[in-house]
There are 2 protein chains.
Amino acid sequence: MAEPAPAPKPPPRPVSIAFDVMGADHGPAEIVRGAVALTLGNDEIHAVLVGDRAAIDEALSQVRYNAERVAVHHAPTFVAMDEKPSAALDAKPDASVMVAARLVRDGEADALVSAGNTGAGVLACAKHFGLIPGVRRAALATVYPTAATHGQKNDPFSLILDVGATVDASADDLVAFAVMGAAYARIISKNLDPTVALLSNGTESSKGPPRVVEANAKLGLLSGMRFIGNVEGVDIPKGTADVIVCDGFVGNVCLKMLEGVSETVMELAKYAYKEKLLWRAGLAMLSGGIERIKEVTDWEQYGGAPILGFDRLFIKAHGRSKARAITNAGKVAAKAVANDLARAIQDALPKVG
Amino acid sequence: MAEPAPAPKPPPRPVSIAFDVMGADHGPAEIVRGAVALTLGNDEIHAVLVGDRAAIDEALSQVRYNAERVAVHHAPTFVAMDEKPSAALDAKPDASVMVAARLVRDGEADALVSAGNTGAGVLACAKHFGLIPGVRRAALATVYPTAATHGQKNDPFSLILDVGATVDASADDLVAFAVMGAAYARIISKNLDPTVALLSNGTESSKGPPRVVEANAKLGLLSGMRFIGNVEGVDIPKGTADVIVCDGFVGNVCLKMLEGVSETVMELAKYAYKEKLLWRAGLAMLSGGIERIKEVTDWEQYGGAPILGFDRLFIKAHGRSKARAITNAGKVAAKAVANDLARAIQDALPKVG
């Protein structure tokens, strides 16, 4: 008997992204410009701009956008980059990032993008969003460029998490981070069967502190994930795995090492060979390129750092983001919403009992 | 009243170093060559060669040395590089590294140098040496090249510890590591007042897991040390501190990242610019220099990695050490003995109650 023909796929529902436009390095206008660029595309993305209304209106008067897809929510205050997140949010419950998080909680937007104070963003989410059932702690993830390429699209980036949300992760937290990272790579990087590894001080499953040894055993038993075991520090720049999992303390140290290291290697080269003219010439020829390397390694340009584990997505764009980075962060957020990232994570978590 | 004139300084007493000559990548002859080179110098250094007597005698027949300063101790077995340390030592109590450690314990040599299996070396020391009073756990330290220079001699290396001996360090362990690292920098690098920092996920003293926050507070109260607070991952390649302290898990991950990263940066540069001819030319001019960078970053050439915390010093040279690296490791060991490193560490540790 013939199956009935499947119903035609419905057009994607409109997705609405809340942008906290305040507190970033280049001011509200840069964030507004990046956000409303999304309203000119074919995908039906709406931008909800949260912050000082006068600043937003001024910025909007300078750019082209689709007014049907832009909404403005005034927030009277914001958290500056150098403020202590917890104290600042206590003092300013109506800071822009809090107002934006409440809009997402209340369903007036589907996801949150901010280029402001990272800690304040994570705290605002923790206050207003729920954790995905089965997740005990959120993780901050980031993509970074590697020597190897990844997935069917030969993406030159790996994903590493947690890089700073949870400094003391348990074995179960590390397992949840692995599930969240794999789901993100599948949906956002279109890497259908990403390899996942645990960062340790040796490749053997017995290596590492107890939490890492236990997480290795649990991940080995988890179905539906291509877990390739432990990797070492050298595998981070190599890109041995598509997703690398660690606690937020180790991940933060590694991420900041990566950020500083290309520059330092070139400094070291100059230091070691400053007397060699041939070398000087070689370095001069490369110097424009060092700028380009910095651009490639400035992975914040490639969509920002997602906070994973909450039932709503928060993308933290770098404080120094330009409009293009904000647009990219909005696109990533919209893709995660359209593909129901939170549901994908929940379905892939190990079932208790 | 005039002080009596100080007695003339006695000549330095002879120092005897035990070399485990087995289990290294280039075979016993390379280790023997490096060890006996020390017996030709002006400092009165004696080399005790431990391993297969036939192999040692064969190697000695090929090189110049001062026979009055060379002794040979036969060991019937050894631990290979790929063996599990604990099981191997149980099965082979007369492995060369165990025999050498016993000679040091019994005062027939003052310090131990090995280029063999690292874990076996650490275990052999743990079995035969005592910990310095006040030290609860040993740490593996290593020097590595940085962008900044250090100390009065503009040394281009920083010291980082622990890089793998103790995966779960307490706050008190981290404090002891700081004391040990500072003493080592003073004595070996002749850096009279080294800066010491704690590796964390932020520079504020409140950043990090509880053990790091507690260690920061304790180090801040410790007299006789130039503690500069927390540093971040980016400060490792920069060389912000002369001595960087962390637990063995984080340190091992960071060290292995450093080892792999210069190569990967250049790979990335090629990947990003392979179409640009000018770039190709620049890279070709640099390619010989990449070899030189690798040499500079091959810090094992600069004396090996000391295991600190035991009452006797163990220098772990890299498995792929050539004779020069072994000679350097022996020199470092002799300097530590002549300056009584263990006593300096003990004196600098915080006094309990």
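User: What makes domain 1 and domain 2 of chain A touch, and how many residues are involved?
Analyst: In this predicted model, 16 residues of domain 1 of chain A are in contact with 16 residues of domain 2 of chain A. Contact here means that the C-beta atoms of two residues, placed from the backbone, lie within 7 Å. On the domain 1 side, α11 (323-338) and α12 (341-348) of chain A each give two or more residues, and α12(A) has the largest share, 4 residues.

User: Where do the domain bounds come from, and what are they?
Analyst: They come from an automatic or database domain assignment: 12-134 + 309-353 for domain 1 of chain A, and 136-261 for domain 2. Residues are numbered from 1 along each chain as written, and chains are lettered from A in written order. Since the model is predicted, local features need pLDDT of at least 70 and side-chain atom pairs 80 or more, while totals for chains, interfaces and linings use all residues.

User: Why are β4 and β11 of chain A called paired?
Analyst: DSSP has to find at least two bridges between two strands; β4 (111-114) and β11 (313-316) of chain A have 4, so they count as paired, and they run parallel. Strands themselves are DSSP runs of E, at least two residues, and helices runs of H or I, at least four, numbered from the N terminus.
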